[in-house]
Amino acid sequence: MLDPVLVKKVIAATQNGLPICDRPYRTIAEEVGVDESELLVTMGKMLDQGLIRRIGLVPNHYALGYRYNLMTVWDVEDEHILQLGQHVGDLDFVSHCYQRPRQEPDWNYNLFAMVHGRTEPEVEQQVQIIRELLGSSCLAMTQLNSLKILKKTGLRIR
Amino acid sequence: MKLSDQDRKLLNKIQKNFPLHPEPFKLLAEELAISEQEILLRLQELESQQAISRFGAVFNHHRVGSSTLAALAVPEQEIEEVAAFVNTFVEVNHNYQREHDYNLWFVVNATDQSGVERVLDKIAAKFDYPLLNLPMVKGYHIDLGFPLW
């Protein structure tokens, strides 16, 4: 069983990330006040139970030349969204794919897919691939180009 | 900045499944056939050039708390003022200006649902603009990274 107090401490100590050094977990363990081995076991359980989605590195796509970050939104027939959503989510260039509620009449789109590319034509081609995949089950779509990152931080849970 | 093939290989390798091991980079060094020291130097260099947005555990917001994607339709000339207010909340961790009538898109995370609603209520009380509240219904690909090419 996971100790909820320990979990909270681990989240607090790691939400700004792991240090890039030879013993990153030891640094975090010292902060949490447990042995390195206990921290590793705890984080392993958090991973197994889905509290941690993954441990790894998130590249700064923008700095690496992936300047075109496009939020594409689709109005997909409800009876097909489970299957089609999964197909879209499986595409290599899609970083996030979520089903969200419609908020009619202002917002009729129920599938969100975030695509990234280095050039505009590249991103347009990706949109076209999604469009073809959804076919006639898609009633409408639009795309929301990002103009400015106004805030971007890791998760903060107090 | 431009990545070398080796950098790209390194970044793709550690986007997920970073080893839970006392010496994780040593394990990776064996797999990638470069030294642990070289991996650390490259990553520190990439970090100093802002090529790394985050390194560590990516938490499941839906499991460790409650979250939503929200959007506001703000008149162009007021966007900075509204964004500045929205950004004052620690619960807001992403905020993007996008090309659409709904032009301010932000993610709200809190320990529970009422915490999320409190933030949205405060924003709605301060600015009377159309507001979308779009919590996730289902995830088909959730922040798992994608291969760089």
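In this predicted model, 64 residues of chain B are in contact with 60 residues of chain A. Several elements build the chain B side of this interface. Those giving two or more residues include helices H2 (24-32), H3 (36-48), H4 (61-64) and H5 (79-87) of chain B. Strands also take part, among them E1 (52-59) and E3 (92-98) of chain B. E1(B) gives the most, with 8 residues.

What kinds of residue make up the side of chain B that touches chain A?

| Residue kind, side of chain B that touches chain A | Count |
|---|---|
| Nonpolar | 34 residues |
| Polar | 20 residues |

Strand E5 (residues 138-152) of chain A is joined to E3(B) by 5 bridges. The two strands run antiparallel. Within this pairing, Ile149(A) stands opposite Tyr96(B) in E3(B).

Now for the cores. In soluble globular proteins, nonpolar side chains tend to be buried together. Here the largest nonpolar core has 53 residues. Which of them touch the most other members? They are Leu39(A), Val88(A), Leu111(A) and Ala113(A). Strand E2 (residues 68-76) of chain A gives the most to this core, with 6 residues.

Take a closer look at Ala113(A). Neighbours within four places in sequence are set aside here. Ala113(A) is then in contact with Thr72(A), Val88(A), Val94(A), Cys97(A) and Ile130(A). One of these partners, Val88(A), is also among the core residues that touch the most other members.

Methods:
Residues numbered from 1 in each chain as written. Chains lettered and ligands numbered in written order. Predicted model: local features only at pLDDT ≥ 70, side-chain atom pairs only at ≥ 80, totals over all residues. Core = buried A, V, L, I, M, F, W, Y, C linked by C-beta atoms within 7 Å. Buried ≥ 20, exposed ≤ 12 C-beta atoms within 10 Å, placed from the backbone. Helix = DSSP H or I, 4+ residues; strand = E, 2+ residues; numbered from the N terminus. Contact = placed C-beta atoms within 7 Å. Nonpolar A, V, L, I, M, F, W, Y, C, P; charged D, E, K, R; others polar. Pairing = 2+ DSSP bridges.
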